[in-house]
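Hello,

Here is the structure for you to look over. My notes on it follow below.

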Amino acid sequence: MLDVNLARIRAHRNNIHRYQRLLRTKLSELERRFVEGRLADEQAALDALAAETFPIIRPSPSCQSASPGLRSEL
């Protein structure tokens, strides 16, 4: 599963770079709006997939309750 998600992340990053390159070219207003929309969609998809693949690890409540005691010993 991790390999699949990493491949999907890579694909989104490649698409984002492609759209960013396109925005540096001469585009009509309609084309620019389309590319900007696709860029926003790809960025949102990448952010969601990255959050799913690499969730933030939070310390358990038992670890947090041990912290004040350690501070008082120092």
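**What was found**

Of the chain's 74 residues, 16% count as buried (under 20% relative accessible area; exposed is over 50%, and partly exposed is in between, with a 1.4 Å probe and protein chains only). The model is predicted, so local features need pLDDT of at least 70 and side-chain atom pairs count only at pLDDT 80 or more, while totals for chains, interfaces and linings use all residues. Residues are numbered from 1 along each chain as its sequence is written, and side-chain values use heavy atoms, with hydrogens and water left out.

Overall layout: the chain has 3 helices and 0 strands. Its pattern along the sequence is α-α-α. Helices (H or I, at least four residues) and strands (E, at least two) are DSSP runs, numbered from the N terminus. Take contacts between residues at least 6 apart in sequence: 61% of them join residues at least 24 apart. Contact means heavy atoms within 4.5 Å.

Next, the helix pair. α1 and α2 pack at about 155°, and their axes are 9 Å apart. Axes are lines fitted to C-alpha atoms, for helices over the stretch in contact; angles run from 0 to 180 degrees between N-to-C directions. That angle makes α1 roughly antiparallel to α2 (over 145 degrees; under 35 is roughly parallel, 65 to 115 roughly perpendicular, the rest oblique). The residues of this contact divide into 12 nonpolar, 6 polar and 7 charged. Here Ala, Val, Leu, Ile, Met, Phe, Trp, Tyr, Cys and Pro count as nonpolar, Asp, Glu, Lys and Arg as charged, and the others, Gly among them, as polar.

Now the core. The largest nonpolar core has 7 residues: I9, I16, Y19, V35, L39, L46 and L49. Such a core is a set of buried Ala, Val, Leu, Ile, Met, Phe, Trp, Tyr and Cys residues joined through side-chain atoms within 4.5 Å. α1 (2-23) and α2 (29-53) each supply at least two of its residues. α2 gives the most, with 4.

- Y19 touches V35, R38, L39 and E42, leaving out residues up to four places away in sequence.
- H12 sits in helix α1. H12 counts as buried because its relative accessibility is 16%. Beyond its neighbours within four places in sequence, H12 contacts E42, A45, L46 and L49.
- G37 lies in helix α2. Its relative accessible area is 29%, so G37 is partly exposed. G37 and Y19 are 18 residues apart in sequence and 9.7 Å apart in space, C-alpha to C-alpha.

Best wishes
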